[in-house]
Amino acid sequence: SIINGNGLYINETPKSSCDIEAEQGSNLQIINANSRCSPFRPKTPLSWEDSVLQMQSNDKARLLYFSSLVAGRSIVPIASGRAVTQNPTYIVRARIGTPAQTLLMALDTSNDAAWIPCTGCVGCTSSTTYDPLKSSTYKPLPCGSPQCNQVPNPSCGGTTCGFNFTYGSSFIAAALVQDNITLATDSVSGYTLGCIKKATGSSLPAQGLLGLGRGPLSLLSQTYSLYKSTFSYCLPGYKSINFSGSLRLGPNSQPIKIKTTPLLKNPRRSSFYYVNLLAIKVGKGLAKIPPTAFAFDPNTGAGTVFDSGTVFTSLVKPAYTAVRDEFRRRMGKATVSSLGGFDTCYTVPITVPTITFMFTGMNVTLPQDNFIIRSSAGTTSCLAMAAAPDAGVNSVLNVIASFQQQNHRILIDVPNSRLGVARETCS
C-alpha cells in the first residue's frame with residue numbers, strides 16, 4: 001500500500017480519485033468512510049450482503065443509543081450478536097494543535113462535543129492519535145471551568161476536568177481540554193474537546209468525532225461568531241470513491257433558492273434537528289399513515305429528526321408498514337424476499353419511480369437511488385428503509401438517514417430555525 005501525505009491509502013485506485021483537493025475557506029470535503037479512498041474501509045472487501053448487514057447492525061446500535069438520549073437513561077443496551085466495528089459513515093479532515101496534527105473525524109449532526117483519541121489511550125483502535133505534549137497551544141481545563149458543567153458525568157480526579165459517556169455500544173472516558181482546531185483554512189483557537197483516555201466497545205469512530213448538533217459544546221455554539229450557527233452538507237453516494245461531498249460552514253455560499261421546513265425545539269434533546277413530517281407518498285399514492293405516527297412530542301422524544309450518522313431511514317412501525325404496503329402494492333404479484341432488517345426485496349426490476357417525504361412547507365421527492373439499494377450484481381433490490389427497533393421509547397422516533405440524504409444539499413440554519421433540502425450531485 002502507498003500512503004499519501006494526508007495519511008490516506010491510495011492503492012488500487014487511480015491517484016487522481018483519492019487526492020484531497022485543497023480545501024478553501026470554510027469548505028471541507030466529506031468522504032464516505034467505506035470508500036476505497038478511506039483508511040477505515042474493510043481490509044477484506046465485504047460481500048454486498050455482508051456490507052448491508054453491517055450497516056443495518058450499526059444502525060441498530062445507533063438507534064438504541066438515540067433511545068437512551070431521548071429517555072435520559074445513561075445505560076445503553078449493547079447490540080447482541082457478533083461485534084462489528086462501527087465505522088463512521090462520513091468523515092472530515094481536522095487539524096488540531098500547534099503544529100497541526102491531522103485527524104479524520106466522524107461527522108455527527110446529532111451530537112455536540114468533539115472528542116479525539118489521545119496518545120496512550122487504552123482501548124482506542126487507531127494508530128493515529130492526538131499527542132497533547134507535541135502541541136504548544138494545548139491546555140487542560142480545570143474542574144471549575146464553565147465547560148466542565150456542560151459535559152456528561154463530569155468528574156475531578158485531579159485538577160483537570162474529566163467526563164465519561166456512552167456512544168453507541170461504547171463507553172468512553174476523557175479529559176476536557178482546549179486546543180486550536182483548523183477546518184479547511186479556518187482556524188479556531190481554544191476549541192474545547194474531549195481527549196479520550198480509555199474506551200471500551202466497538203462503536204467508537206477511530207479518529208474521533210466532530211459534533212454538529214446545537215448544544216453548548218457543539219461546533220455551532222463554539223464558533224458562533226465565525227459561522228453564525230449555519231452550515232450545509234452534501235453527502236456523496238455510497239458507490240462514490242471520490243472526495244466530492246462537501247461541508248460548508250457559515251452563512252456565506254449557502255444556496256439561496258432552497259425549499260425549507262421549520263426546525264422544532266426539544267429541550268430534552270436539544271442537539272437533535274427535529275422537523276415536522278406530515279405524510280409520505282409512494283409514487284403518486286399516499287401511504288395510509290396515522291397522523292400520530294409523526295406527531296412531535298418533546299416529553300417523549302417522539303417526532304422526526306434528520307441525522308447524518310444513521311444509514312437507512314427508520315420509521316415508527318405504523319408509518320413504515322404503510323409505506324412498505326403501498327410499495328408492495330405497486331410491485332403487484334412479484335415475489336418478496338428479505339435481507340436482514342429489509343423485509344421488501346425483489347429479484348425482478350423495481351418499477352416504483354419516486355418516494356416523496358412531505359414536511360411542513362416542503363416536499364422532498366427522492367429518486368430510486370435514494371430508497372432502493374441494489375446488489376453489486378444488480379440481481380437483488382431492496383426498499384432501503386426499516387421499522388424503528390421496538391425498544392420502548394425509541395420506537396417513537398423517525399430518523400431521516402444518510403442513504404435518503406445522499407446527493408442532496410442539507411442546510412441547517414439555526415438562527416432562522418429552518419432546515420432546507422435541495423437536489424445536488426455530490427459524487
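Predicted model: local features only at pLDDT ≥ 70, side-chain atom pairs only at ≥ 80, totals over all residues.
**Entry 1. Overall make-up**

I began with the whole chain. The protein has 427 residues, and 57% of them count as buried. Its secondary structure comes to six helices and 28 strands. I then looked up how far apart in sequence the contacting residues are. Among contacts with a separation of 6 or more, 68% are between residues 24 or more positions apart.

**Entry 2. Cavities**

Rolling a probe the size of a water molecule over the atoms shows where empty space is left. I searched the whole structure and noted three cavities of 30 Å³ or more. The largest cavity holds about 70 Å³ of space.

Which residues line the largest cavity? I listed Phe-306, Phe-357, Phe-359, Val-364, Leu-366, Ile-400, Gln-404, Gln-405, His-408, Ile-410 and Val-421. By type, the lining has eight nonpolar residues, three polar ones and no charged ones. I also checked which elements supply at least two lining residues each: strand E21 (354–359), strand E22 (362–367), helix H6 (402–405) and strand E27 (408–413).

**Entry 3. The sheet with E21 and E22**

I followed E21 and E22 from the cavity lining into their sheet. Strands of a sheet pair through backbone hydrogen bonds, either parallel or antiparallel. Here four strands make an open sheet in the order E16-E15-E21-E22, with antiparallel pairing. Strand E16 (285–286) and E22 are the edge strands, each with a single partner, so one side of each has no neighbour in the sheet.

Inside the sheet I looked at the pairing of E15 (residues 277–282) with E21, which is antiparallel over five bridges. One position I wrote down is Ile-280, whose bridge partner in E21 is Phe-357. Phe-357 is also one of the residues lining the largest cavity.

Is strand E3 enclosed or open? Seven of the eight residues of E3 (residues 101–108) are buried, so the strand is largely enclosed by the rest of the structure.

I looked up its partners next. Strand E2 (residues 90–96) pairs with E3 in the antiparallel sense over six bridges. In this pairing Arg-95 stands opposite Thr-102. Strand E10 (residues 209–211) runs parallel to E3 and is joined to it by three bridges. There, Ala-106 stands opposite Leu-209.

E2 and E3 form a hairpin with four residues between them. The peptide bond from Thr-98 to Pro-99 is cis, with omega near -5°. Pro-99 sits in the loop between E2 and E3. For reference, most residues other than glycine have a negative phi, and most peptide bonds are trans.

**Entry 4. Lys-228 and Ser-229**

I then looked at non-glycine residues with a positive phi. Lys-228 has a phi of about 55°, and Ser-229 has one of about 50°. Lys-228 lies in the loop between helix H4 (224–227) and strand E11 (230–234), and Ser-229 is found in the loop between H4 and E11 as well.

Lys-228 is partly exposed, at 35% relative accessibility. Ser-229 is buried, with a relative accessible area of 10%; the cut-off for buried is under 20%.

Thr-310 is in the loop between strand E17 (303–306) and strand E18 (313–315), and at 0% relative accessibility it counts as buried. What does Thr-310 touch beyond four places in sequence? I found Asp-59, Arg-62, Leu-63, Phe-66, Val-399, Ala-401 and Ser-402. I also looked up Ala-61, which is 249 residues away from Thr-310 along the chain; the C-alpha atoms of the two are separated by 9.7 Å.

Thr-89 is in the loop between helix H2 (48–71) and E2. At 11% relative accessibility, Thr-89 counts as buried. Leaving out residues up to four places away in sequence, Thr-89 touches Ile-31, Asn-32, Ala-33, Tyr-238, Gly-309, Val-311 and Ser-402. I noted that Ser-402 is on the contact lists of both Thr-310 and Thr-89.

Notes. Residues numbered from 1 in each chain as written. Heavy atoms only, no water. 1 Å grid on protein atoms, 1.4 Å probe; cavity = no way out; pocket = protein on both sides within 12 Å on 5 of 7 lines; lining within 4 Å. Points joined across faces, edges and corners; volume = space filled by probe spheres on them. Nonpolar A, V, L, I, M, F, W, Y, C, P; charged D, E, K, R; others polar. Buried < 20%, exposed > 50% of the residue type's maximum accessible area, 1.4 Å probe, protein only. Contact = heavy atoms within 4.5 Å. Pairing = 2+ DSSP bridges.
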